[in-house]
Amino acid sequence: MTPRAQAEPVLGGVGLGVSGEAEVEASLVERLRAKDPDAYVELLKLLGGRMLAVARRMLNNEEDARDAVQEAMLACCKHIDTFDGRSQVGTWLHRIVVNACLMKRRSRSRRPERSIEDLLPTFVEDGHQTRSSSAWVRQEVGGGGSGDELRLLVRRRIDELPEGYREVLLLRDIAGLSTEAAAEVLGMKENAVKTRLHRARQALRALLDPAMRGEEAQ
Amino acid sequence: MMTCKEVLDFLMAYIDNELPTDQRDDFDRHLKVCPSCVNYMKSYRETVRLSRESALPAAGEVECEGSVPAEMIEAVRHAIRHAAAREKK
């Protein structure tokens with residue numbers, strides 16, 4: 001898979017990707033409702049690769065990602081009667097996987113969090129920035145070792161964000177959910193998701209700033 | 001004209017093309033005279049790009065989107081069979 005394709009939202013609004021999709025999906029859903037194990041295996045084979053990609057993005061851990069997808073398949077079986085068919089089964093399953101990943105992240109050991117306010121830009125009375133923003137000078141060199149270094153640095157900094165902000169960033173910028181879908185998963189209003197995402201990005205920018213200005217060793 | 005604070009507050013809406021025209025024009029006027037906000041906007045965009053790309057596999061990490069490990073398929077088959085049998089009881 002190309003890096004560009006991987007950077008796109010992974011399962012947002014997709015179907016099963018097979019010909020005669022609507023009929024195939026209807027028949028599959030019927031078998032899922034009947035709790036036919038072969039139907040679940042079929043679903044897993046069709047969408048499991050993409051679900052694993054989402055879980056890997058959110059969890060950065062292969063074992064946790066596999067666990068999350070398995071848990072999502074079981075949740076799918078348990079709640080298939082609540083699937084109303086208004087969305088595609090792939091979209092529905094995507095949300096279940098994202099939820100399973102969030103639960104997994106929340107169950108990981110917690111550590112004291114820094115306040116988001118410490119990471120947001122500050123201003124003087126007339127509205128100017130307290131400290132001018134400098135240009136970022138760090139360049140990626142190809143997709144090799146240095147790209148990996150930067151990627152790992154960004155992951156570490158994302159992990160430093162306060163949980164509520166990290167979750168929104170993961171759902172919107174990494175799992176590729178729409179604002180509406182993220183709001184539904186988190187039980188928040190869409191405007192609150194937008195505000196929180198903006199702050200999460202600002203905070204991540206602040207965390208990356210020293211390294212990207214070339215002032216901090218990796 | 002907008003202040004730096006307003007520019008940074010409305011930055012996401014600006015990037016997402018959600019600002020009304022007059023506010024967008026005001027935003028652009030500010031950017032023309034404020035290199036600090038231009039730097040901030042560039043680094044904000046870069047942050048979004050980097051966080052999206054952070055999820056790409058680093059060297060040595062597993063990434064085979066098209067395939068599901070055989071043992072996982074068997075584990076799911078077994079778990080679903082078990083769950084279905086339990087429900088029938």
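A salt bridge (a side-chain nitrogen of Lys or Arg within 4 Å of a carboxyl oxygen of Asp or Glu) links the side chains of R66(A) and E71(B), at 3.2 Å from N to O. R66(A) lies in helix 4 (residues 62-79) of chain A and E71(B) in helix 5 (residues 70-88) of chain B, so the pair joins two chains. Side chains of opposite charge can pair when their charged atoms come close. Across the interface of chain B and chain A, the rule finds four salt bridges. Over all chains, the structure holds 25.

The model is predicted: local features need pLDDT of at least 70, side-chain atom pairs count only at pLDDT 80 or more, and totals for chains, interfaces and linings use all residues. Residues are numbered from 1 along each chain as its sequence is written, chains are lettered from A and ligands numbered from 1 in the order in which they are written, and side-chain values use heavy atoms, with hydrogens and water left out.

In the interface, 48 residues of chain B are in contact (heavy atoms within 4.5 Å) with 56 residues of chain A. The area buried between the two chains is about 4,900 Å². Carbon and sulfur atoms give 63% of this area. Buried area is the accessible area (1.4 Å probe) that two parts lose on being put together, summed over both.

Helices are DSSP runs (H or I, at least four residues), numbered from the N terminus. Axes are lines fitted to C-alpha atoms over the stretch in contact, and angles run from 0 to 180 degrees between N-to-C directions. Angles under 35 degrees count as roughly parallel, over 145 as roughly antiparallel, 65 to 115 as roughly perpendicular and the rest as oblique.

On the chain A side, the contact includes P37(A), Y40(A), V41(A) and L44(A). Helix 5 of chain B contributes M72(B), I73(B), V76(B), R77(B), I80(B) and R81(B). By class, this contact has nine nonpolar, no polar and four charged residues. Ala, Val, Leu, Ile, Met, Phe, Trp, Tyr, Cys and Pro count as nonpolar, Asp, Glu, Lys and Arg as charged, and the others, Gly among them, as polar.

The axes of helix 7 of chain A and helix 4 (residues 35-53) of chain B come within 9 Å and cross at roughly 85°. This pair is therefore roughly perpendicular. Here L169(A), D173(A) and I174(A) meet V48(B), S51(B) and R52(B). The contact has three nonpolar, one polar and two charged residues.

Within chain A, the axes of helix 7 (residues 163-174) and helix 5 (residues 89-107) come within 12 Å and cross at roughly 150°. These helices are therefore roughly antiparallel. V98(A), L102(A), R105(A) and R106(A) in helix 5 meet residues of helix 7 including E163(A), R166(A) and L170(A). By class, the contact has four nonpolar, no polar and five charged residues.
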